[in-house]
Amino acid sequence: MKVRVRLIGQFMERFGFGEKELEVPPPCTAGQLAERLKMGRLDKVVTRRGLALGPDDALEDGDRLVIAPIFSGG
Amino acid sequence: MKGWTGNILRINLTRQTFKKEHFDEAFARKWIGGRGFALKILWDELKPGVDALGPDNKLLVVLGPVAGVPMPNSGKTIVAAKSPLTGTYADGNIGSHVTIQLRKAGYDIVIFEGKAAAPEYVFIQDDKVSFLPATDLWGKGTFETHKVLEGKYGKTAGILSIGQAGENKVLYAVVRSMEGRAGGRPGIGAVMGSKNLKAIVVKGTKEIPMADPKAMKERGLADLKTVGAMDKKSQWSVQGTNAVLAWCNEMAALPVRNHRHSQHPEAWKLDGQRTSEARVATYGCPHCTMRCGIAILDKEGRESEIDYENVGMLGPNLEIFDLKQMASLNYMCDDYGMDTISAGATLSWYADAIDQGATRGDFKFGDAERAKQLARMIALREGIGDLLAQGSLKAARKVGNHSEAYAMQCKGLELSAYNCKFVPGQALAFGTSAIGAHHKEAWIITYELKFSERGAYGRDKAQKVVDLQRIRSSIFESLPICRFPWIELGWDLKNYPEYFNVATGSDWTLDDFTKTGDRLYALLKAFWTREHPDTDRTADYPPRIYFDPVIADKDGIIAGKHLELDKYDQLLDHYYDIRGWDKRGVPTRKTMNSLGLRQEAEELSKAAKVEQDVVPMGIPGV
């Protein structure tokens, strides 16, 4: 299945892209996606339509996921 | 006493006199420094109801026990006074060479009293204080003022100054330093202007007292490298704080059009990637390991130093998506010396009030050129600028026609750049911030999404707000020190008490700071209550329009969402219950006594009703 991944801030700089489409084998969870992106160990927030996903939450075909570092405000 | 100098410099501007006073170790350990010192001194020395812009208000410049040492990101100075915007205690932290120079001059605290007969600046050099004419500087912006004084006193001199906004007592004028740093959002710059004090220059040559100077130097130099390497590895500084803009837009937490919308398709034009690509220079505070000041060229070709809050408030909040125009507006606010957050929020309130038919005018959202004209008029108090110089709440009360509902402020201070219509915990953080709506007190949006349920009003969110207010108040505002290494880089929080211990010879843990944080927050709210004896829980509400379905986004990921008043009230009950405050939001005598505020509770009871203890509120689930 295909998902779109949008990285925020320093993740863009570290992983070299802002947004791209990925082909992932179903079933796939948010945690598995992070591992696939080599982001498993990083403190982060993974969201879908403005709501956070836990590492065991299943992804669906066509999902757009936003992955951001932890902020403390501007 | 080690860590603290133990010295207060009291300067009377009316009489052009000064004297050195001392505080003891018990005072130091009870109040730590920075905000703690300033709050206690202003509580003791200001009469309730004092005119914030009159000679009887006092302006404080305050440091703490780790100021001036090579600890990562420790270059912060606190400025404090009673605010003309909120009518209560106010402070701000600024990165400045004053942090180092004032400690080397031998002081932790400077108190400015009275009012100079004519514009002047004060030069503090160790034990000498000079009162110097500022006639040639008066009327100049902060950039030129800084350059003139830096040319005269050198690049490492500590310099604080105000621009025309402070001189003209714009109620959200700030104090500026190092050409890019600003602090004192609730009008501390206006207080400085009301005293005819254009600038403060400091140079010192003494040793800073440390319990273990060798250990401090070794650890500090090692950690400067460690935290610097953490930043380099994480690449946080590439986009700096403006990385938050893209995330807020994705999360529908961005202030757009005076918070009427929470996302905008053109927001990307101002995001961290764009500002990083446009960067021409980077700036930081003394002892900084993660320089967050990203300078870009504005429409007029000037260097404009931006961070997320000013981009958010002067960009999408005003529907200005031309990066260079936004940067011009930011440059003007910086040069005039006025807070970009409150300036953006007051301008957006004005455009909204015109839109809603509450008042007449010729300013529309997205009109960058008119916004720049208005910024100038505010700073010089010309025409409509005189009204807008009073901030959104006071302006709305003058205009009437229900426009107060969409003045986006709490306790008179405008919200930083976060749209709270679907993040109730952050609405609580703004509502209960005792100096008015400021993100530096507590910011929990990441927590709300990751560790809680976004739209929920659970007790855990009230607890998180309290936890952050404790830590930020006692550690980051009182040591004082920058918070970025802790959250943004994950530098362990336990480092801060450890540095405090090396400086002062103590054995404090985080629990000691937590208790002090509770003491500070109780006294902050007592200060508010003493100034506003009829206060009630509505003082801790976010802007009213957040509760109105009219504010809900019509489309997008949070379409139809807005805050619910009955649930917010429950969240507030949880907050008061955790704090030991009554249902009006006033600390009880029992709570204040337990925090070592017996004398202050007695004082407060002369001005306002103080309950003995909390009456159980019957909160569901507790």
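Which residue takes a positive phi just after H9(B)? In this predicted model, the residue is B:Ala252, with a phi of about 55 degrees.

**Fold and dimensions of chain A**
- Chain A contains five strands and two helices, arranged along the sequence as β-α-β-α-β-β-β.
- Its radius of gyration is 11 Å, close to the 11 Å given by the globule rule for 74 residues, so chain A is as compact as a globular protein of that length.
- The C-alpha trace of chain A spans about 35 × 25 × 20 Å along its principal axes.

**Packing and contacts of chain A**
- Buried residues make up 51% of the 74 residues of chain A.
- Of the contacts in chain A between residues at least 6 apart in sequence, 53% link residues at least 24 apart.

**Surface and charge of chain A**
- Chain A has an accessible surface of about 3600 Å², and carbon and sulfur atoms account for 46% of that area.

**Helix H9 of chain B**
- Helix H9 of chain B covers residues 243-251; nine of its nine residues are buried, so the helix is largely enclosed by the rest of the structure.
- Buried here means under 20% relative accessible area.
- The buried residues of H9(B) include B:Trp247, B:Leu245, B:Val244 and B:Met251, and among them are also B:Asn249 and B:Glu250.
- B:Ala252, with its positive phi, comes just after H9(B).

How values were computed. Residues are numbered from 1 along each chain as its sequence is written. Chains are lettered from A and ligands numbered from 1 in the order in which they are written. This is a predicted model: local features need pLDDT of at least 70, side-chain atom pairs count only at pLDDT 80 or more; totals for chains, interfaces and linings use all residues. Side-chain values use heavy atoms; hydrogens and water are left out. Helices (H or I, at least four residues) and strands (E, at least two) are DSSP runs, numbered from the N terminus. The radius of gyration is taken over C-alpha atoms; the globule rule is 2.2 Å times the number of residues to the power 0.38. Buried means under 20% relative accessible area, exposed over 50%, partly exposed in between (1.4 Å probe, protein chains only). Contact means heavy atoms within 4.5 Å. Accessible areas come from the Shrake-Rupley method with a 1.4 Å probe; for residues, only the protein chains shown count as cover.
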